[in-house]
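Please keep the 3D view open and follow the numbered points with it.

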Amino acid sequence: MSVAYVLLVIVVVTLLMAVKVVPQQSAYIMERLGRFHGVLQPGISFIIPFFDRIAYKHSLKEKALDIPEQICITKDNVQVRMDGVIFIQVIDPQKASYGINDYNFAVSQLAQTTMRSEIGKLDLDRTFEERMTINRAVVQAIDEAAISWGVKVLRYEIKNITPPQSVLVAMEKQMQAERERRAVILQSDGEKQAAINLAEGQKQKVVLESEGLRARQINEAEGEAAALLSVAEATAQSIRLVAGAINTEGGMDAVQLKVAENLVEQFGKLAKTNNTLILPANFADMGSLIASAMSVVKSESNKK
């Protein structure tokens, strides 16, 4: 009875040792009698107990490795402290098992040395601007070496760049000076634009005033011309009316009366303004004077 129980236990243990369940995104390296025999894929696999064994287990997921902080020297001999993170993935489990002893350690060390080399090619100011260039250079250098390790380097990212305190103080002063310079430039640009706007406003004001003056002068000239034309037309109309009235019956008698009145009025004005008054010899004969004036009027009328 005890022998049967022992045999049953041995059979169960043997079956358990023969069945291997590989998780998703994993790969198991199987060795037979100490030599590589195959890679077990995700799912259920069977091995020969006591002859086969699982030598290595690899995760095929993307893995992030922290790159420790280190001191790097820039091209202009400034020491900076830098660290980063690198993302890798096992693509060939066999090479990852037999190509290198510890690919995680190898990738980390190669990333550090490559980062020191790339920082040594740049000045301090450019190290902050060339992050993407440094990242690509590190990925390319490690990826070339990691081909034989069965590992693919996906990307590398610099986390921190820490210059010395003295350099930080100098950079702060430089940034302060740059901000002050920009403020002065902005202020001068504002003053320049204000002066331009003021001059443009003055120019437009002068133009508008001159246009207004020109329009006013034109309007005044047009008004004066219209007034002169109206006066001329009224004078012409009055002359036509007077001429028409003279040609009617009794018109000449009215003209004689008007001439006599004007003659007497003008001599009266002369007597008021001057102490000495020279009179024509025939002034007493008013009728002859009026007749002389009327002869002039008639001769002018005949000419017309």
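1. A word on helices and strands to begin with: both are DSSP runs, with helices (H or I) of at least four residues and strands (E) of at least two, numbered from the N terminus. You are looking at a predicted model, in which local features need pLDDT of at least 70 and side-chain atom pairs count only at pLDDT 80 or more, while totals for chains, interfaces and linings use all residues. Residues are numbered from 1 along each chain as its sequence is written, and side-chain values use heavy atoms, with hydrogens and water left out.

2. A salt bridge joins R216 to E220, and here the closest N and O atoms are 3.9 Å apart. R216 is partly exposed at 48% relative accessibility, and so is E220 at 44%. Salt bridges with shared partners also join E178, R181 and R182 into one network.

3. How many salt bridges are there by this rule? The count comes to eleven. One of them is between E130 and R126, whose closest N and O atoms are 3.6 Å apart. R126 counts as partly exposed, at 39% relative accessibility.

4. Now for the rings, where two aromatic pairs are counted. Rings of Phe, Tyr and Trp (its six-membered ring) pair if their centres lie within 6.5 Å; planes under 30 degrees apart are stacked, over 60 edge-to-face, and the rest tilted. F36 and Y98 are edge-to-face because their planes stand at 75°, with ring centres 5.9 Å apart. F36 belongs to strand β3 (residues 35–40) and Y98 to helix α2, so this pair ties together parts that are 62 residues apart in sequence. F36 is partly exposed at 33%, and Y98 is partly exposed at 37%.

5. Y98 also pairs edge-to-face with Y56, at 5.6 Å centre to centre and 85° between the planes. Y56 sits in strand β5 (residues 52–59), 42 residues from Y98, and the pair links these distant parts of the chain. Y56 is partly exposed at 33% relative accessibility. Together, F36, Y56 and Y98 make one aromatic cluster.

6. Is S97 buried or exposed? With 6% relative accessibility, S97 counts as buried. This residue is found in helix α2 (residues 93–98). Leaving out residues up to four places away in sequence, S97 touches I29, Y56 and H58, where contact means heavy atoms within 4.5 Å. The side chains of S97 and H58 also make a polar contact at 2.5 Å. That term covers a pair of N or O atoms within 3.5 Å; within protein, one must be able to donate a hydrogen and the other to accept it, and residues adjacent in sequence count only if both atoms are side-chain atoms.

How values were computed: Buried < 20%, exposed > 50% of the residue type's maximum accessible area, 1.4 Å probe, protein only. Salt bridge = Lys/Arg side-chain N within 4 Å of Asp/Glu carboxyl O.
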